[in-house]
Amino acid sequence: MADLTTLESLLEMGFDRNRAERAVASTGNQGIEQAMDWLMEHENDPDIDEPYKPPALAETDDDQAGTQDSTSGDLAEASGEVSQYGDAEKKFMTEEEKQQQVKRLEELMRLKQAERRERERAEELEKEKQRRKHGQELQQIRSKIQDDDMKKLSELRKREKMEDKMARQRVKEKIARDREERAKKFGGGGSSSTSTTTTTTTPVQPSPASPTAQGPPPTKKEYDESRIQVRLLDGSTLTAVFKAQEPLAAVRVYVQVNGNMPEGQDFTLLSPYPRHDYTDLDMEKPLKELGLVPSAVLVVIKK
């Protein structure tokens, strides 16, 4: 009993004739498996459902007869069986045989589809691995940048503290020198009281220095700039330098422009140590008045 041709098999399985003809032609009529593979690979092509136009052939009866002979040859090739008689006339399959043939082809197609899904799943897993790897590398870069910024900020603070300490030491030394000079100037003499029997010399205590003679009080260094580090919602940081008289709102605008904030996201700022949530009124105050000079760390929080 002869099998169905590739085209007939595809039609029996429910494929559109236009798609079936394309598959058979594109695979050179090499068999049902090649045709099904082609259909699964090209099912999303934009021109898959356009009317199929076979290659131009000479419009002669001989060519049409040759086409019919070719179709008969395809039937013989697909089944591997040829009629025992010399006229090569194929026998028609019974309905039961057709059903069995269709079931076999459907099972073959299910296997092909399972193989394709497994292949696609493996490709997706590989893509996910690459995406995670790139994400980890990006996070490491961000962490390194953040650590470098924190180190620079820490070094800046240490340098500022050292400068303040040295300035205070210089003031203390000047005050000590002034006291020594006043002690030498006013503490060298004394008063003596003489009687007929004994003479007692009482040292004169140095007069207390007047408040105005103690030297100028330590002067606090004035800063006209502030280095602000802002920690964003995603854990990354921004660092920028602002004028000491700029309002806190300038920092908020800088974060909105450069912080990759979600569109429409409302937020405010706070100081972590000691904790202080800044209100809308604080936004109009200068950084110097808010105690954010010469440097500060702020945290972005959602409203």
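In what order do the elements of the chain run from the N terminus on? Here is the answer: α-α-α-α-α-β-β-β-β-α-β-β-β. Keep in mind that this is a predicted model. The chain has six helices and seven strands.

Now some overall numbers. The chain has 303 residues, and buried residues make up 25% of them. Next, take the contacts with a separation of 6 or more. Of these, 63% are between residues 24 or more positions apart.

Let's start with two helices. In general, two packed helices are described by the angle between their axes and the distance between the axes. Our pair is α2, residues 17–26, and α3, residues 32–41. Their axes come within 9 Å. They cross at roughly 115°. Is the crossing of α2 and α3 left-handed or right-handed? It is right-handed. Which residues meet here? From α2 we have R19, R22, A23 and S26. From α3 we have A35, W38 and L39.

On to charges. How many salt bridges does a search of the whole structure find? It finds 18. I will show you some of them.

Take E225 and K243. Their side chains meet in a salt bridge, at 3.6 Å from N to O. E225 is in strand β3, residues 225–231, and K243 is in strand β4, residues 237–243. Is E225 buried, exposed or partly exposed? With 38% relative accessibility, E225 counts as partly exposed. K243 also counts as partly exposed, at 46%.

Next, K303 and D280. The closest N and O atoms of this salt bridge are 3.4 Å apart. K303 has 58% relative accessibility, so K303 counts as exposed. D280 has 55%, and D280 counts as exposed too.

Now D282 and K285. They form a salt bridge, with the closest N and O atoms 3.4 Å apart. Why does D282 count as buried? Because its relative accessibility is 7%, and the cut-off for buried is under 20%.

Which residues are linked in one? E33, D37 and K112 are.

Last topic: rings. The count of aromatic pairs comes to one. That pair is F242 and Y254, and the arrangement is edge-to-face. The rings are 5.8 Å apart, centre to centre, with 90° between the planes. F242 lies in strand β4, and Y254 lies in helix α6, residues 248–258. So the pair ties together parts that are 12 residues apart in sequence. F242 counts as buried, at 8% relative accessibility. Y254 is partly exposed, with a relative accessible area of 27%.

One more ring. What lies over the face of F267? R252 does, at 4.4 Å from the ring centre.

Technical notes: Residues are numbered from 1 along each chain as its sequence is written. This is a predicted model: local features need pLDDT of at least 70, side-chain atom pairs count only at pLDDT 80 or more; totals for chains, interfaces and linings use all residues. Side-chain values use heavy atoms; hydrogens and water are left out. A salt bridge is a side-chain nitrogen of Lys or Arg within 4 Å of a carboxyl oxygen of Asp or Glu. Helices (H or I, at least four residues) and strands (E, at least two) are DSSP runs, numbered from the N terminus. Buried means under 20% relative accessible area, exposed over 50%, partly exposed in between (1.4 Å probe, protein chains only). Rings of Phe, Tyr and Trp (its six-membered ring) pair if their centres lie within 6.5 Å; planes under 30 degrees apart count as stacked, over 60 as edge-to-face and the rest as tilted. A charge sits over a ring if NZ of Lys or CZ of Arg is within 6 Å of the ring centre and within 35 degrees of the ring normal. Axes are lines fitted to C-alpha atoms, for helices over the stretch in contact, and angles run from 0 to 180 degrees between N-to-C directions. A crossing is left-handed if the near helix is turned anticlockwise from the far one by less than a right angle, and right-handed if clockwise. Contact means heavy atoms within 4.5 Å.
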